[in-house]
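Please read them alongside the coordinates.

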Amino acid sequence: MGSVYPRGTKLWIKFKTPDGGWACRATSYRVGEEAKARKVLAEIERRTTAETEFVEAENPMEVGSRPTVRMYSRRWLRDRAAAVADLRNDEARLRDHLLPVIGDRLLTDVRPRHLGALFADLRAKKLLAPRTIRNVYSVAKAMFRDAVLADLLDASPCILTARQLGPVEDL
């Protein structure tokens with residue numbers, strides 16, 4: 001589908017974007033390292049295919065768009081319904097705490113700093129018990145892990161530690 005080509009001594013890749021257009025991007029590889037550049041291209045194409053299939057399955061009217069956190073959470077909760085007894089609580093944790101803040105972000109644009117700011121804000125407001133904050137994070141972590149398994153992300157942004165999440169304690 002895409003291609004690897006030289007520009008001077010650097011290798012560039014050309015690939016189709018989820019909206020159907022084409023994009024060109026420089027790689028960090030030099031002429032002679034075409035196999036490595038092809039791996040980068042294959043990874044981009046794999047993710048683009050996964051995003052396109054996801055959007056087509058979820059929202060055929062929005063073909064060409066990319067999955068947001070809110071869009072992915074709907075499918076994730078639906079798929080999780082048969083396997084989890086605590087689904088209503090998981091849904092409430094996402095709806096009340098995560099989606100109002102990052103729900104409209106593209107799934108691929110969520111970074112650990114966004115989650116760090118979200119959980120720092122939850123802790124600062126002191127409206128939730130520390131264990132509840134951990135439960136919200138646990139649901140977010142599971143959802144982003146499954147997005148990685150669905151090839152929609154390369155890595156989960158859920159890498160927060162006790163320093164960012166606070167202690168595990170009941171009040």
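1. In this predicted model, helix α2 (residues 69-80) packs against helix α5 (residues 130-149), with the axes 10 Å apart and an angle of about 95° between them. Angles of 65 to 115 degrees count as roughly perpendicular, and α2 and α5 are therefore roughly perpendicular to each other.

2. Which residues of α2 and α5 make the contact? On the α2 side they are Val69, Tyr72, Ser73, Trp76 and Arg80; α5 supplies Val139, Ala142, Met143, Phe144, Asp146 and Ala147. By class, the residues of this contact of α2 with α5 comprise 8 nonpolar, 1 polar and 2 charged.

3. The strands deserve a separate point. An open sheet is formed by 3 strands in the order β1-β2-β3, and the pairing is antiparallel. Because β1 (3-7) and β3 (22-30) each have a single partner strand, they stand at the edges, and one side of each is left without a neighbour in the sheet. Neighbouring strands of this sheet are turned against each other by 30° on average, with direction ignored. In general, strands of a sheet pair through backbone hydrogen bonds, in either a parallel or an antiparallel arrangement.

4. Strand β2 covers residues 10-16, and its antiparallel pairing with β1 extends over 5 bridges. Within this pair, Val4 stands opposite Ile13 in β2. The two strands β1 and β2 form a hairpin with 2 residues between them. In the turn, Gly8 has a positive phi of about 70°.

5. How many helices and strands make up the secondary structure of the protein chain? The chain comprises 6 helices and 3 strands. Along the sequence, these elements follow the pattern β-β-β-α-α-α-α-α-α.

6. Some totals for the protein chain complete the note. The C-alpha trace spans about 60 × 35 × 25 Å along its principal axes. The chain has 171 residues, of which 35% count as buried. Among contacts in the protein chain with a separation of 6 or more, 52% are accounted for by residues 24 or more positions apart.

Technical notes: Residues numbered from 1 in each chain as written. Predicted model: local features only at pLDDT ≥ 70, side-chain atom pairs only at ≥ 80, totals over all residues. Heavy atoms only, no water. Pairing = 2+ DSSP bridges. Helix = DSSP H or I, 4+ residues; strand = E, 2+ residues; numbered from the N terminus. Axes fitted to C-alpha atoms, helices over the stretch in contact; angles between N-to-C directions. Parallel < 35°, antiparallel > 145°, perpendicular 65-115°, else oblique. Contact = heavy atoms within 4.5 Å. Nonpolar A, V, L, I, M, F, W, Y, C, P; charged D, E, K, R; others polar. Buried < 20%, exposed > 50% of the residue type's maximum accessible area, 1.4 Å probe, protein only.
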